[in-house]
Amino acid sequence: MTRYNFTLRFDDDNHSLTAENGISIGTLSELLTSLSKAVSLQRDDKLVLSEIRGNCYALNLTTNSEVVQESLIVVHRKISTNDYTGLNSNQRSYAQKIKTILGDNLTLQAYNDTQSFKVEFQKIELPKLPDYYNQISTINGVITSIGGRSLKGKSTIHVAGFNFDIEISFSQEKKLAKYFKEKELIFFINKKISMDDDEIKSAELESFEVPNDNNFIDTATEIRKKFGDEIIEKYKDKYFKG
């Protein structure tokens with residue numbers, strides 16, 4: 001199995017850091033936890049601390065995944081150039097963690113095992129970001145609650161399988177009421193998401209669709225309800241001959 005190595009090398013002006021005189025275990029634990037979240041490890045991915053080298057304080061990280069290795073490169077390249085475009089909250093938190101550890105007296109180099117990639121962190125400048133961002137997305141599910149707490153207040157719906165309420169207009173409420181606990185719908189929603197933790201703070205319903213998933217029995221039942229038993233007798237001899 002191919003192994004990929006990636007190094008984080010901390011140092012100071014006096015080159016006094018060593019494997020025995022390095023970063024405290026508490027700070028190191030926070031850094032590695034933050035890094036693990038920043039590269040979005042999947043179920044079968046491994047990223048381990050395989051060695052701490054002396055003559056500085058170099059953390060050698062080893063992974064079995066080329067995708068994880070590439071994520072390490074991309075995240076560290078962007079942070080080293082203060083380019084936070086496209087970085088999520090976990091990756092920005094990792095940048096803040098590096099900034100805190102470096103302070104005014106430490107430096108950091110990050111590189112792969114061949115040193116075809118190598119960057120040095122001079123000064124991390126985290127931009128001031130908005131508190132929230134909006135995202136349009138689609139969800140499917142059955143409405144498990146609908147309504148509001150007062151006659152004049154905004155109404156909301158809750159969809160099974162999702163842990164947030166969705167604000168709806170009065171006209172939407174009237175249209176959705178007949179589907180309450182009855183049918184799975186497709187909802188197009190506008191979510192307000194926190195920049196700090198990517199949590200959904202609120203959501204509004206843009207529109208919804210009723211899937212056309214009727215089977216033969218459903219269709220026959222709807223026709224019978226609309227036209228009565230006579231419609232069955234009328235077409236029985238024509239289409240159901242033995």
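What percentage of the 242 residues of the chain count as buried? The share is 33%. The model is predicted. Its secondary structure comprises six helices and 10 strands.

**Overall fold**
- Of the contacts between residues at least 6 apart in sequence, 64% join residues at least 24 apart.

**Surroundings of Q69**
- Q69 sits in helix α2, which covers residues 66–80.
- The residue is buried, at a relative accessible area of 6%.
- Leaving aside residues up to four places away in sequence, Q69 touches Y4, N5, F6, T63 and N112.
- Between Q69 and V39 the C-alpha distance is 8.9 Å, with 30 residues separating them in sequence.

**Salt bridges**
- The count of salt bridges is four.
- One of them joins R9 to D11, with the closest N and O atoms 3.6 Å apart. R9 is partly exposed at 23% relative accessible area, whereas D11 is buried at 5%.
- Another forms between the side chains of E30 and K97, at 3.1 Å from N to O. E30 belongs to helix α1 (residues 25–38) and K97 to helix α3 (residues 89–102), so this pair ties together parts 67 residues apart in sequence. E30 is partly exposed at 44% relative accessibility, and K97 is partly exposed at 24%.
- E167 and K154 also pair through their side chains, at 3.4 Å from N to O. E167 lies in strand β8 (residues 165–168), while K154 lies in the loop between β6 (132–147) and β7 (155–159), 13 residues away. E167 is partly exposed at 27%; K154 is exposed at 60%.

Conventions: Residues are numbered from 1 along each chain as its sequence is written. This is a predicted model: local features need pLDDT of at least 70, side-chain atom pairs count only at pLDDT 80 or more; totals for chains, interfaces and linings use all residues. Side-chain values use heavy atoms; hydrogens and water are left out. Helices (H or I, at least four residues) and strands (E, at least two) are DSSP runs, numbered from the N terminus. Buried means under 20% relative accessible area, exposed over 50%, partly exposed in between (1.4 Å probe, protein chains only). Contact means heavy atoms within 4.5 Å.
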